[in-house]
Amino acid sequence: MSPSTAPATTAPAIPPGDVVGMLTDNLRLRGSVVPLGRAASSGWARALDLPRGGPQVLYTGQMYQLMPYLETLSQARAKIADSPLARMSGLGRRINRFVNVTAFLGRPSRTERDRVDRILTDITAVLRAAGVTPGYLYEDDLYTGALVYDYGEDEVVRTQGLRILTNLRAAGVEEIITVDPHTTHMMRSVFPSMIHGFDVRVRNYLDVLAESAPPARRTLDETAVIHDSCLFARAENVIEAPRELLRGSGVNLPEADRSGSLTWCCGGPAESLYPERAAANARIRVEQLREVAGTAVTMCPVCLINLSKAADGGLHLEDVSHYLRRAYDD
């Protein structure tokens, strides 16, 4: 995100280095920037009785599951930043190396956790409707480290990538189907560039569905504007697949002024370090989308959270899976 994309703001009260340090320490020591229990990370799949492992697996990278917890952490951080506790952030990081401090900073509501579980359930349902029945790795569906990779923590991310590769090989995985832009980018572009032998085939579920070209079982006859993910549109060329699928289900898709490879960032990459700047960027994007339609479609958990906060009810936002399941599933 360039400096011109949002108005200048003051630096956060908590030093960015302490925020990045705590997230990085968690990934290095505990396998995720915010460690999740089995119920939070894979409970949705246990309810569907997905087979364990196999040559083709659905890989979430815990991105959707993490977002409610990261948002709760962001809210707690905002409160601390306005208090004398902000001056103790360095001490907090040192304590976090021995005790997971993030576990004490709040828990998202059941509603928010159910929302992301429903998205993953919808994705699985529409894949099954198209005749694609992947397995799942459950507790070995590890977070990729996408967030701290954005902050330049390459060595910790490389170590995480090696853990992931070990799990994939142990489970006999030949192909993974990803569900979000960040995991897709890490698994398809980043890890192969930094880890020798990381050669598992990676496809995003939207491309998988577009390639199988399933007929829509019902016509939705609705209007919505697509918000393209920066990573999908600019790094992974996932632009046409969601449009083909939505148009095939009868959704009218007027384009925003900034769309496709020229999409406007939701502000997500800066949210953890510079929340005011991220919020300003998200408000600009909400206005761009609202000029075109009253409903916007996202395909990234970070975009969904950031734009929903900025919209504050003034723009209805739905993950693309919400439309696809209604159109393509029985």
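Modeller: A nonpolar core is a set of buried Ala, Val, Leu, Ile, Met, Phe, Trp, Tyr and Cys residues joined through side-chain atoms within 4.5 Å, where buried means under 20% relative accessible area with a 1.4 Å probe, protein chains only. This is a predicted model, in which local features need pLDDT of at least 70, side-chain atom pairs count only at pLDDT 80 or more, and totals for chains, interfaces and linings use all residues. Residues are numbered from 1 along each chain as its sequence is written, and side-chain values use heavy atoms, with hydrogens and water left out.

Colleague: Which residues touch the most other members of the largest nonpolar core?

Modeller: They are Leu-168, Tyr-205, Leu-206 and Leu-324, in a core of 91 residues. Helix 3 (residues 63-81) gives the most to this core, namely seven residues; helices (H or I, at least four residues) and strands (E, at least two) are DSSP runs, numbered from the N terminus.

Colleague: What does Tyr-205 touch?

Modeller: Contact means heavy atoms within 4.5 Å. Leaving aside residues up to four places away in sequence, the contacts of Tyr-205 include Ile-123, Leu-127, Asp-319 and Leu-324. Of these, Ile-123 and Leu-127 are among the buried residues of helix 5.

Colleague: Where does Asp-319 stand?

Modeller: Asp-319, in strand 9, stands opposite Thr-298. Two strands pair if DSSP finds at least two bridges between them, and strand 8 (residues 295-298) pairs with strand 9 in the parallel sense over four bridges. The open sheet has three strands in the order 6-8-9, with strand 6 (225-226) and strand 9 (316-319) at its edges.

Key: Buried means under 20% relative accessible area, exposed over 50%, partly exposed in between (1.4 Å probe, protein chains only).
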